[in-house]
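Let's look at how the pieces of a protein fold sit together, one question at a time. Have the structure open as you read.

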Amino acid sequence: MSGLTLTGQRALITGASSGIGQATACAFARAGAAVIVNYLSDDQEARQMVEDIRRDGGTAYAVQGDVSTEEGCETLFAQAMEKLGGIDILIANAGVQSDAAFTAMSLEDWRKVIDVNLTGQFLCAKAAVEQFRRQGLDTQRSRALGKILFTSSVHQAIPWAGHANYAAAKGGLKLLMQTMAQELAPEKIRINAIAPGAIKTPINTEAWDSEEARRELLELIPYGRVGEPEDVARAALWLVSDESDYVVGTTLFIDGGMVLYPSFREGG
Ligand code: NAI
Ligand code: BGC
């Protein structure tokens with residue numbers, strides 16, 4: 001099997017009822033994958049997505065689950081197995097922000113972000129690897145035993161004042177991804193990450209929904225536009241398809257050049 005198709009493959013996308021996860025689930029379904037649309041609380045949106053995907057001839061199921069707890073992950077994976085019989089792709093996407101200046105950041109703010117953005121991705125990845133091993137390699141589906149794509153951020157590389165919890169989680173995710181990739185590549189499990197820049201989603205509405213905020217944001221983006229969830233979904237599709245079979249342990253930045261230190265165009 002080759003090409004940008006996911007026909008015959010089964011994908012679980014966490015935090016898929018909005019933003020990047022939503023666009024990714026829809027793109028994967030269009031590419032032929034059967035998808036699990038995991039959601040935390042917005043069951044209406046998740047069910048609507050499933051309905052839309054099915055109307056277009058795809059296969060999708062909405063499954064509630066809190067990825068930040070072991071029980072939540074166990075239930076999510078158990079239900080995914082019940083619906084799809086297996087899983088070939090995990091998109092560990094669910095994430096939150098709980099911003100505060102450093103000394104104003106409560107332990108609760110810290111834990112909330114680490115629990116979802118780092119521990120949640122770890123727990124889902126662990127459950128996915130265990131499932132890949134149980135299934136065994138099926139080259140009719142994919143050249144890899146399984147694929148995991150972590151959703152990091154430009155803030156795995158760019159320090160971010162007022163967001164110490166978020167930057168620490170994404171920085172941690174970078175080495176979690178690389179360590180897992182090194183450890184699991186011999187089993188033909190491909191682990192990579194995407195690192196989006198500023199993408200128009202509910203997580204950062206205040207960064208792009210007023211003219212002034214948008215103008216300030218564009219100063220940070222050499223390519224001159226704010227990203228759309230579909231920009232990320234297209235890259236994610238390539239990274240889990242057999243077209244990228246030799247890509248292992250890499251972070252793909254999808255950021256319009258945000259990590260290029262644009263302020264250095266005029267200085268340094
Ligand atoms: P979003 O807020 O639309 O999506 C996050 C999703 O995660 C929501 O659907 C939310 O319900 C879900 N979620 C939160 N806690 C959860 C939990 N405990 N269990 C299950 N689901 C949970 O925002 P967006 O932008 O689509 O975020 C997706 C990922 O992309 C996040 O990991 C975020 O850090 C990352 N990201 C976003 C960027 C952006 O500019 N929008 C840039 C870089 C990374
Ligand atoms: C954050 C967004 C932010 C973007 C660029 C993402 O990781 O979640 O709020 O706009 O990085 O700074």
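Q: Which residue is the bridge partner of Val35 in strand 3?
A: This is a predicted model, where local features need pLDDT of at least 70, side-chain atom pairs count only at pLDDT 80 or more, and totals for chains, interfaces and linings use all residues. Residues are numbered from 1 along each chain as its sequence is written, chains are lettered from A and ligands numbered from 1 in written order, and side-chain values use heavy atoms, without hydrogens and water. Strands (E, at least two residues) and helices (H or I, at least four) are DSSP runs numbered from the N terminus, and two strands pair if DSSP finds at least two bridges between them. Strand 2 (residues 34–39) pairs with strand 3 in the parallel sense over six bridges, and there the partner of Val35 is Ala60.

Q: Which strands are the edge strands of the open sheet?
A: The sheet has seven strands with parallel pairing, in the order 3-2-1-4-5-6-7. An edge strand pairs on one side only. Here they are strand 3 (59–64) and strand 7 (251–254).

Q: Are helix 4 and helix 5 roughly parallel or roughly antiparallel?
A: Helix 4 (residues 107–135) and helix 5 (residues 164–184) pack with axes 8 Å apart, at an angle of about 15°. Axes are lines fitted to C-alpha atoms, for helices over the stretch in contact, and angles run from 0 to 180 degrees between N-to-C directions. Angles under 35 degrees count as roughly parallel and over 145 as roughly antiparallel, so these two helices are roughly parallel.

Technical notes: Angles under 35 degrees count as roughly parallel, over 145 as roughly antiparallel, 65 to 115 as roughly perpendicular and the rest as oblique.
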